[in-house]
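I opened this model to look up a few local features and kept notes as I went. The entries follow in the order in which I checked them.

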Amino acid sequence: MTESTIAALTRRIEVLEAEADIRRIQARYMFLCDSPCPEFAVRDDAERIDAIMELYASDAVWEGVGEHHDGQFGRAEGHAAIRAHFERFWSRERDPALLLNAHYLTSEQIHVRGDQATGLWIHVQPWLFDDGSGVLRSSRLNNAFRREPEGWKITRTRTENVFVAPLPDRFASDHPNTSVLLRDS
């Protein structure tokens, strides 16, 4: 093989590895946002938020955009503001309390350009609350990532509503209070 062929193959492998890392980061973020949290070692929402914040660059932005998400989520810049956003989301005073939230990602597009990357997804998530109500939500995600010395980090989470649909009361009767999925792994 020529040096140029080896260099081209090396670049292709680097892009594939970056895509895999970004896919894992995005999936981990969604996994940690699920309720109940399936990460068995995460004992409470404070630890959940700590784990989520490890995925973000210090100068990251989290924002909801568009007709529905802009007013609901707004914009948070930097670790302190993003942490505060999540602390409000999992607040003990939330009424009704969130019992179940699961994220399903689809329509993935990851584009790597050196040490920068973007990712597009659509996700659907049911939300079930302790008063028996529920909604089915779908959003588009337009996220950005940067390779840092310790690995890839999220630099932007941007979400835009596709739809919100009410679910019938008591839509799901059987759902766990806690997750034990990873207890023995």
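I began with Pro 36, which is found in the loop between H1 and H2. The model is predicted. I checked the peptide bond joining Ser 35 and Pro 36 and found it cis, with omega about -5°.

Next I went to H2, residues 45–53. At its start, I found a side-chain oxygen of Asp 44 within 3.2 Å of the backbone nitrogen of Ala 46. I listed the buried residues of H2 as Arg 48, Ile 49, Ala 51, Ile 52 and Met 53. I then looked up what covers them, and the cover includes helix H1 (3–33), strand E1 (56–65) and helix H4 (78–89).

How do H1 and H2 run relative to each other? I noted that their axes come within 10 Å and cross at roughly 165°. Angles over 145 degrees count as roughly antiparallel, so H1 and H2 are roughly antiparallel to each other. The crossing of H1 past H2 is left-handed. From H1, Arg 28, Tyr 29, Leu 32 and Cys 33 meet Arg 48, Ala 51 and Ile 52 of H2. I sorted the residues of this contact into five nonpolar, two charged and no polar.

Last, I looked at phi. Most residues other than glycine have a negative phi. Ser 107, in strand E4 (residues 104–113), has a positive phi near 55°. I recorded Ser 107 as partly exposed, at a relative accessible area of 42%. Arg 170, in the segment after strand E7 (151–167), also has a positive phi, near 55°. I recorded Arg 170 as exposed, at 59% relative accessible area.

Technical notes:
Residues are numbered from 1 along each chain as its sequence is written. This is a predicted model: local features need pLDDT of at least 70, side-chain atom pairs count only at pLDDT 80 or more; totals for chains, interfaces and linings use all residues. Side-chain values use heavy atoms; hydrogens and water are left out. Buried means under 20% relative accessible area, exposed over 50%, partly exposed in between (1.4 Å probe, protein chains only). Helices (H or I, at least four residues) and strands (E, at least two) are DSSP runs, numbered from the N terminus. Contact means heavy atoms within 4.5 Å. A polar contact is a pair of N or O atoms within 3.5 Å; within protein, one must be able to donate a hydrogen and the other to accept it, and residues adjacent in sequence count only if both atoms are side-chain atoms. Axes are lines fitted to C-alpha atoms, for helices over the stretch in contact, and angles run from 0 to 180 degrees between N-to-C directions. Angles under 35 degrees count as roughly parallel, over 145 as roughly antiparallel, 65 to 115 as roughly perpendicular and the rest as oblique. A crossing is left-handed if the near helix is turned anticlockwise from the far one by less than a right angle, and right-handed if clockwise. Ala, Val, Leu, Ile, Met, Phe, Trp, Tyr, Cys and Pro count as nonpolar, Asp, Glu, Lys and Arg as charged, and the others, Gly among them, as polar.
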